[in-house]
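I opened this one to look up how the chains meet, and then to check one residue away from that question. My notes are below.

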Number of protein chains: 2
Amino acid sequence: MATAKDVPYHLIYWPGIPGRGEHIRLVLEEAGAAYSDTAFTEGGIGEVLAFIQGETPDDGINPPVFAPPILKHGELVISQTPNILQYLGGRLGLVPDPEKDRDGLYRVNSLALTALDGLSNEPHDCHHPIASGLYYEDQKPESKRRSEDYVKNRLPRFLTYFERVLRSRSSGEGPWLYGGNLTYADLVLFQCVDGLKFMFPKAMAKLEREGEHAKVFALHQAVAERPRIAAYLKSPRRQKYSNGIYRYYEELDIEP
Amino acid sequence: MATAKDVPYHLIYWPGIPGRGEHIRLVLEEAGAAYSDTAFTEGGIGEVLAFIQGETPDDGINPPVFAPPILKHGELVISQTPNILQYLGGRLGLVPDPEKDRDGLYRVNSLALTALDGLSNEPHDCHHPIASGLYYEDQKPESKRRSEDYVKNRLPRFLTYFERVLRSRSSGEGPWLYGGNLTYADLVLFQCVDGLKFMFPKAMAKLEREGEHAKVFALHQAVAERPRIAAYLKSPRRQKYSNGIYRYYEELDIEP
């Protein structure tokens, strides 16, 4: 098989923003996996565009993909953030061992999907509530209104949910969401909290100060301190937040 | 194990709307699986509310869930539509056989996630662009604007993508998205097209008439003709569209 263990992973994602690709990078970095990344390869953006404009050859094996992130691994080409995370999580030891906990991977997937919905997709829609194809500047009043609702209602609700998960017995000992061991869902939640601190600093500082979501913030810290993640965060491979999912607009930095 | 093959599935979802639960029902119905459904059980809504209000006991195995649909199967409790679909798809023969096509399930999952994103979540946001916690009546001008963009840009783009998938060699012979066999991704796309026909009848009729997405509409028809699905669609278990994901508002039925 061309997808043998030593074939490097290849991430196809927009250069210049962490974006959804960042969830994939964190899994690869935590596992110390060999990978290449169009964010840092000559002609990388051309590779992204070829995929989404449908210029990639019909290889008879892989369906066309709609949007990045895209993962190539040997002959396999797959898209969709949670799908790529599952694939990598299973190969790189970031899901429960199915021999010991047969359905644990579905529990982990529930958690990752919920974090991506509420703490990544919804923040994106805070600056693009009307149309992803329009500029932010063309939907500013609507963005303000949506962000106010998000900061007041949705953000605390999702953080309260994850705090409840972390306090449940199913989370096991230690700082992680499920079963006492680090999974890719923890890396997803880290990245979401990290991006939200950049996007809504006032609201996130207040929530952190109040202490009701202490375990969520502690998880963020615990991931940041993982040796490989700490090294990655200091490296040039960790791109700065800019015009991706998590953006800073002063007028959207709602006072909660 | 409590999750033996003959333990019935239990779907926990809001009564009165097809909603996201409908994707789960279609998989169960196509497979002829034994299941119960809070839409049709005494006190069903109480069961949904107990979960989302955090009143369900911490069983030490399953993390709390954020929102329905929720699937109980023996001891297992999982949430998130694409996650439940994967779990059921694997058990009920609606994913490629991993012995013959090891990574086919990830390709199918890409397709299902893309349909859910673009043809279910985005339509939902057409009538709730500002806040899911507000009434439609409180966000009518924004809904109009978002729906216009959706019908003009996003809807044709997603249908064009799925048409491309259906015309690719990876779809194999016959009407299905991947590998020549029915998978849960086909059932997802069926439900999306079906709901969109209800929500945006003018736009969908025009797209169907123009014939550029003939294979997408043919897939919708082919699923509707599956014997078990045909029987289900005629049964009282198939709930009418109302105030769920796919809603009909005359002012949002955009002339494309």
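Entry one, the contact. I'm working from a predicted model here. I looked up who takes part: chain A puts in 58 residues and chain B puts in 58 residues. Together the two chains bury about 5100 Å². Carbon and sulfur atoms carry 51% of that area.

Entry two, the polar side of things. I found 29 residue pairs in polar contact across the interface of chain B and chain A, both partners at pLDDT 80 or more. For salt bridges between the chains, the count is 2.

Which elements of chain B each supply at least two residues to the side that touches chain A? I got α2 (44-52), β4 (76-79), α3 (81-91), α4 (104-127) and α5 (140-167). α5(B) gives the most, with 11 residues. I also sorted that side of chain B by class: 23 residues are nonpolar, 16 are polar and 19 are charged.

I located D194(A) in helix α6 of chain A, which covers residues 184-199. Is D194(A) buried or exposed? Its relative accessible area is 17%, so I put D194(A) down as buried, the cut-off being under 20%. Leaving aside neighbours within four places in sequence, I see D194(A) in contact with H220(A), R238(A) and Y241(A).

Conventions. Residues numbered from 1 in each chain as written. Chains lettered and ligands numbered in written order. Predicted model: local features only at pLDDT ≥ 70, side-chain atom pairs only at ≥ 80, totals over all residues. Heavy atoms only, no water. Contact = heavy atoms within 4.5 Å. Buried area = accessible area lost by both parts, 1.4 Å probe. Salt bridge = Lys/Arg side-chain N within 4 Å of Asp/Glu carboxyl O. Polar contact = N/O pair within 3.5 Å; in protein donor to acceptor, adjacent residues only side chain to side chain. Helix = DSSP H or I, 4+ residues; strand = E, 2+ residues; numbered from the N terminus. Nonpolar A, V, L, I, M, F, W, Y, C, P; charged D, E, K, R; others polar. Buried < 20%, exposed > 50% of the residue type's maximum accessible area, 1.4 Å probe, protein only.
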